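Please take a moment with the model below. The paragraphs that follow lead through it step by step.

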Amino acid sequence: MKALVVDDEKLSRKTLSFYMQKLGYQVFQAENGVEALKIWQDESPSIVLTDWNMPEMDGAELCRKIRHQDGEYTYLIMITSREETGDLVGGFDAGADDYLTKPVCRDELTARLKAAERIFSLRDKEMIIFSLAKLAEARDPDTGYHLERIQGYSKVLAEALSGKAEEFPEVNRHFIEIIHDTSPLHDIGKVGIPDRILLKPERLSEGEFNIMKTHTIIGYETLHSAWCKNPHAAYLRMSAEIARSHHERWDGSGYPDGLSGTDIPLSARIVALVDVYDALISKRIYKVAFKHEHAREIILKSRGSHFDPAIVDAFLEVEHDFRDMAYRFRE
């Protein structure tokens, strides 16, 4: 991530830059607001740390000019020795997101930068998920409310598993929120499947089905590349796992990797069940919609073969929620 440090005091500027480079930032330096504005326009840093009192253009004016220009959002941190409430309000009015007082404490700087990174993580997460999910929705006419239902089913099933702490210790509130957000991306790889196969109303040939199965790899590679650029983003890791492995089966007969049992990521084991349930209760050009009871019977028969037995048991605990959600988001 790019950052810009603006301070007319050379020692302060060098010290802040050193701290930030140690934290992994690509750091640019400027000694006044005029120079900083030019660098900001050329390099588009995500974070700007600027001193308040500087010659030619002070920090407050720099914040105003950045805020009045179009482009990606820049997180602005004002560095000042001013502690009066009126001065702080003036800095925020100019467009600053946060402030640090001189002399800057390294630990406080680290904490403020982490807060900025959380803002960018939330922004990127929402943008990526929304954009990719809408892309899948536009590509496959069968999606529709399917995405909303998958989201809802995944959340209630994960919540049911959260009550089984010994068996599923990883299922906490954070896990539940992430699987709710990322489960709609399970079939994002279908954007790479030809229309003649994706939209074919008849049964697919063996060769066509083999091509269809590659949507798991296409989706994984798309999301994994984003994860590699931001390895701390848990939602990218989970979305990539789901995209690749939601067609794996508990007994090892699934695809693309033939994983079995707990070698299949938990998120993918959850989405495997909810995806099948939704396919069963939904009308398609090649089938009628099954009633909940019929879908339930098929899932029970697949306990221990297609599906994780413990997840099937959790499904039975919340099946009324599945039924309600299916009705609320019916086609």
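What share of the 331 residues in the protein chain is buried? The figure is 44%. This is a predicted model, and every value here is computed from it. The chain has 15 helices and 5 strands. Its accessible surface comes to about 16,600 Å². Carbon and sulfur atoms account for 51% of that area. Take contacts between residues at least 6 apart in sequence: 63% of them join residues at least 24 apart.

Start inside, with Val-5. This residue sits in strand 1, which spans residues 2–6. Is Val-5 buried or exposed? Its relative accessibility is 0%, so Val-5 counts as buried. The cut-off for that label is under 20%. Which residues does Val-5 touch, leaving aside its neighbours within four places in sequence? Its contacts are Arg-13, Leu-16, Ser-17, Met-20, Val-27, Phe-28, Gln-29, Ala-30 and Leu-49. Ile-79 lies 74 residues from Val-5 along the chain, and their C-alpha atoms are 10.0 Å apart.

Now move to the surface. A patch of negative charge gathers there, formed by Asp-8, Glu-9, Glu-31, Glu-35 and Glu-56. Two of its members deserve a look. Glu-31 belongs to the loop that connects strand 2 (26–30) with helix 2 (33–43). With 41% relative accessibility, Glu-31 counts as partly exposed. Glu-56 occupies the loop between strand 3 and helix 3 (59–67). At 67% relative accessibility, Glu-56 counts as exposed.

Glu-56 also has a backbone feature to check. Its phi is positive, about 70°, although Glu-56 is not a glycine. Ser-44 is another non-glycine residue with a positive phi, near 50°. Where is Ser-44 found? Look in the loop between helix 2 and strand 3 (47–51). The relative accessible area of Ser-44 is 52%, so Ser-44 is exposed. The threshold for exposed is over 50%.

Next, the peptide bonds. Lys-102 and Pro-103 are joined by a cis peptide bond, with omega about -10°. Pro-103 falls in the loop between strand 5 (98–101) and helix 5 (106–139). A cis bond also runs from Tyr-255 to Pro-256, and its omega is near 10°. Pro-256 has its place in the loop between helix 11 (234–245) and helix 12 (266–281).

Lys-102 leads on to the charged pairs. Together with Asp-7 and Asp-51, Lys-102 is linked in a network of salt bridges. How many salt bridges does a search of the whole structure find? The search returns 21.

Begin with Arg-64 and Glu-61. Their side chains form a salt bridge at 3.4 Å, N to O. Both residues are in helix 3, and because they are 3 residues apart there, about one helical turn separates them. Arg-64 counts as partly exposed at 35% relative accessibility. Glu-61 is partly exposed too, at 28%.

Turn to Glu-317 and Lys-164. The closest N and O atoms of this salt bridge are 2.7 Å apart. This pair links distant parts of the chain, 153 residues apart. Glu-317 is in helix 14 (residues 309–317), while Lys-164 is in the loop between helix 6 (146–162) and helix 7 (173–182). Glu-317 is partly exposed, with a relative accessible area of 43%. Lys-164 also counts as partly exposed, at 22% relative accessibility.

Helix 14 takes part in another pair. Arg-303 forms a salt bridge with Asp-313, and the closest N and O atoms are 3.0 Å apart. Which parts does this pair tie together? Arg-303 lies in the loop between helix 13 (292–301) and helix 14, and Asp-313 lies in helix 14, so the pair ties together parts that are 10 residues apart in sequence. Arg-303 counts as partly exposed at 40% relative accessibility. Asp-313 is partly exposed as well, at 30%.

Terms used. Residues are numbered from 1 along each chain as its sequence is written. This is a predicted model: local features need pLDDT of at least 70, side-chain atom pairs count only at pLDDT 80 or more; totals for chains, interfaces and linings use all residues. Side-chain values use heavy atoms; hydrogens and water are left out. Patches are made of residues with over 30% relative accessible area and no salt bridge: like charges are joined within 9 Å, nonpolar side chains (Val, Leu, Ile, Met, Phe, Trp, Tyr) within 5 Å. Accessible areas come from the Shrake-Rupley method with a 1.4 Å probe; for residues, only the protein chains shown count as cover. A salt bridge is a side-chain nitrogen of Lys or Arg within 4 Å of a carboxyl oxygen of Asp or Glu. Lys and Arg count as positive and Asp and Glu as negative; His and the chain ends are not counted. The place of a charge is taken as NZ of Lys, CZ of Arg, CG of Asp or CD of Glu. Helices (H or I, at least four residues) and strands (E, at least two) are DSSP runs, numbered from the N terminus. Buried means under 20% relative accessible area, exposed over 50%, partly exposed in between (1.4 Å probe, protein chains only). Contact means heavy atoms within 4.5 Å.
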